[in-house]
Amino acid sequence: MAKEKKGVRLEHISKIYQDPKTHKDFYAVHDTSLEIEPGSFVTLLGPSGCGKTTTLRMIAGFESPDEGEIYLGGEPINALTPNKRDTAMVFQSYALLPHYNIFDNVAYGLKLRKLDKETIRTKVMDILKLVGLEGMEARMTNQLSGGQQQRVALARALVLEPGVLLFDEPLSNLDAKLRVSMRTEIRRIQQEAGITAVYVTHDQSEAMALSDKIIIMEKGVVSQMGSPQEIYYHPKNEFVADFIGDANFLKGRMSRHEGGDGIVSIGGTEVRVAAAEGVADGADTTVVLRPESTVLADKGYFPVKVVVSSFMGAYQLYHVMLGETKLIIHEYNPKGKKIYAMGDTAYIGFEPGNAHCI
Amino acid sequence: MATAQGAALDRKKLMADPIMVTTIVVLITFLTLFILYPLAILLIDSLYGDGNGLSLSVFKRVLAMPTFTRAIGNTLKIGFVVGILSTLIGLLFAYVEVYVKMNRFAGGLFKLVSMLPVVSPPFVLSLSMIMLFGRSGLITRFLLGIYDNNVYGYWGIVIVQTLTFFPVCYMMLKGLLKNIDPSLEEAARDMGASRWKVFTDVTFPLMLPGLGNAFLVTFIESIADFANPMIIGGSYDTLATTIYLQITGAMDKVGAAAMAVVLLCITLAMFAVQKFYLESKTAATLTGKASRARMLIEDKSVTIPLTILCSLGALFVIVMYICVPIGALFPTWGYKFTPLTFKWFGQVFSKYKGLKAFRDSFVLSLIASPITALLSMIISYLVVKRKFKAKGFIEAVSMLAMAVPGTVLGVGYIRGFSGGLFRTGFLQGLYGTGAILIIVFVVRSLPTGTRSGISALRQIDKSIEESAYDMGADSFKVFMTVTLPLIKDSFLSGLVTAFVRSITAISAIILLVTPSYLLITVQINEFAEKGAFSIACAFATILILITYGSVLLMNLVMKFFGTSRKIKEDE
């Protein structure tokens, strides 16, 4: 559907803001370079204040980068105003024009492009069908539910066939159930339309479900980028590991490498970790363990004390103390397994392939 | 850090938008030329006016005039007393409205009282004060038998100004009280405080900055007021009237300029306190919206006396206003009351060129109001929604205009434009024309319109305009297709407010009007001065009818065409 899928490239982009209280300048985004492939779905993920929205707004043209250059489909676009850029944005608050009905909202951008009436009508109807709002075109925006408003916002952006579609936390105003169904919908529509999409969110499960590539940002810089699997299984640092899902961290020292695996000494006990290429022998390291990969048993590497044991339905949730360190364990499919109670002592263990060193 | 690139890009993006750039340039020129320049010329005049280079000799000269020093004292004294009285009465009315269960009749009276001063010419109350309580006053002479009651002077001004300005305080404080979360007071009640204790310990401290605000606003209005002191002041001169007389009587324009600078300094100082100190404090104490409706006081021993007291007060004010049209119907005020006659209305048109006066006032105001409304919406849009370098200037100057008394502006225009710009003859053609009157109307109504536009625009999510911009609309398109339709109500009411303010304006206009233009307010002032009250009342009545009619018309238009209301309703 899109005229031309366009890629986005950011080269050493920085944005400086002034803190309104202290009047000190700070980097909202600092020296960020990234490449978004044409036709891919890329998510900027991070906690609030990490610079993800600022980055998106710089791509849209609402903010001007203080350093660096932004390219859209190979063309530098720094000096272009938002209305001249081949981007379309879906806003967090939907930002529908409240004095127009659905049809006019979707047709607004087309009218500005001076298309003839018939073309506009066809395009608007087609797109409304795509987002599942057939027959609603005469309604006013305040007669729609949140999810429907979101679909209008999406239709309004899609109908312009932009080189890149921008999403600014579009699902955060919806309730949890709708959020899940809408994100499947967004992914379906994006793939059907074959459009490049940049999506900002602070919700990691949304990012995992939607993206070809996730870019994790922290304090204005990119912490890691990669496919959802890469990010989940091989987080580069504690921030990423902790932000994407839950993670346990065990501090130790790399003793040696054995046949591709690393042998890490943690408090005198040696454990085997499969993914340990980047850590040199003798260096300090942290072993990252996902809660569902951590096993609680009568035998294992380390003795722990159970402080929380709750039945969550799909899994048994444990909080255990290893010395002063709290670890989280998800024991899936707990039916028929041994359940430890609060105050019990047990051992934790893990498969070498389920852990990695950072 | 390198913020230069971002700034340069922002500038580049702005420049890519010629309509926007032109608008900004035109606005800056307008504000500079018609607000800043006349004030600057006053300062220059008073520092260089005696021809000996830079000196304070003009100030020394006017300060040596006992009439002037007395006027300063008088003005401050009246401002202070009127400020306090208006705030207190306004507080009483606001408290009763927000806290006490009232019957619908009293509620209607309150609404009427809050609206009357808005649609009335400024000196209506002075007229009725004289006609009710003066030497041949209806109440003093015929009801009480007092034959030589003197309403002219200090008390006359205080009473009339208080009655004129307290509704403004009432409206301000009503908004404030409504924003106090009732649960705060309920918590105090729950902990054992009496109603009175709740008021003194919770409600009153919370609204203290707001009270200060109301006081200062009234204070500024009072010392800037020209019409009332002119009519009812008698020999008790205030700064505004002294400056006027210095020009029209003593023909001392340089002296008047120095006096105007003194008056301006007083209002600016008050305005600065109000703007930068009190407004922020009010916002800080009253952040939250009321979480739910307040339990109204239903205790009869409280509601009945308060309702009666306020209703009587309101009735009194309403009677004062009604007195004007009735006065125009009596054959001779003070001597002969029957049969009622339309002869004064007839004379307005047959003898006193009423038609021309109404046409001139009407046409000039009609031209001024759309300009004002549009300008104030554009300013609000720029201030709230856009960022660019000169924004601070535009915001500051349009707010500054709020603190400039009409008399000061009038003197500034005389000094600034009668000989052309900086007396070079450039733009001299403007002086004495209808255009300069229109400009004065615009400048005088701009701050009110801008303020209401700003508060309307702050309610609109910024991303709505951004989305239109993102879809390909330029600034002009965004403003015309999104912003303006969304603040249609504010625009319409700005239109009518500007019209009403213009057609009832007098303080600046009276200094600038030439014989080729007859303005109603100036006519009313003249007849009132001469003691021809019946004619003045007839003029004023027609004026009130016009203004009230246009307000009604606006309400009708808003009811049928106001889209923003439809949008708000369903939320």
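1. Strand E16 (residues 302-311) of chain A runs antiparallel to E19(A), and four bridges join the two. Strands are DSSP runs of E with at least two residues, numbered from the N terminus, and two strands pair if DSSP finds at least two bridges between them. Within this pairing, A:Phe302 has A:Ile348 of E19(A) as its bridge partner.

2. Strand E19 (residues 345-349) of chain A also pairs with strand E15 (residues 295-297) of chain A, in the antiparallel sense and over three bridges. Here A:Ala297 is placed opposite A:Tyr347 of E19(A).

3. The model is predicted: local features need pLDDT of at least 70 and side-chain atom pairs pLDDT 80 or more, whereas totals for chains, interfaces and linings use all residues. Residues are numbered from 1 along each chain as written, chains are lettered from A and ligands numbered from 1 in written order, and side-chain values use heavy atoms, without hydrogens and water.

4. Chain B contains 26 helices and zero strands; helices are DSSP runs of H or I with at least four residues. Its C-alpha atoms fill a box of roughly 80 × 70 × 50 Å along the principal axes.

5. In chain B, 55% of the 571 residues are buried, that is, under 20% relative accessible area with a 1.4 Å probe, protein chains only. Of the chain B contacts (heavy atoms within 4.5 Å) between residues at least 6 apart in sequence, 78% join residues at least 24 apart.

Terms used:
Buried < 20%, exposed > 50% of the residue type's maximum accessible area, 1.4 Å probe, protein only.
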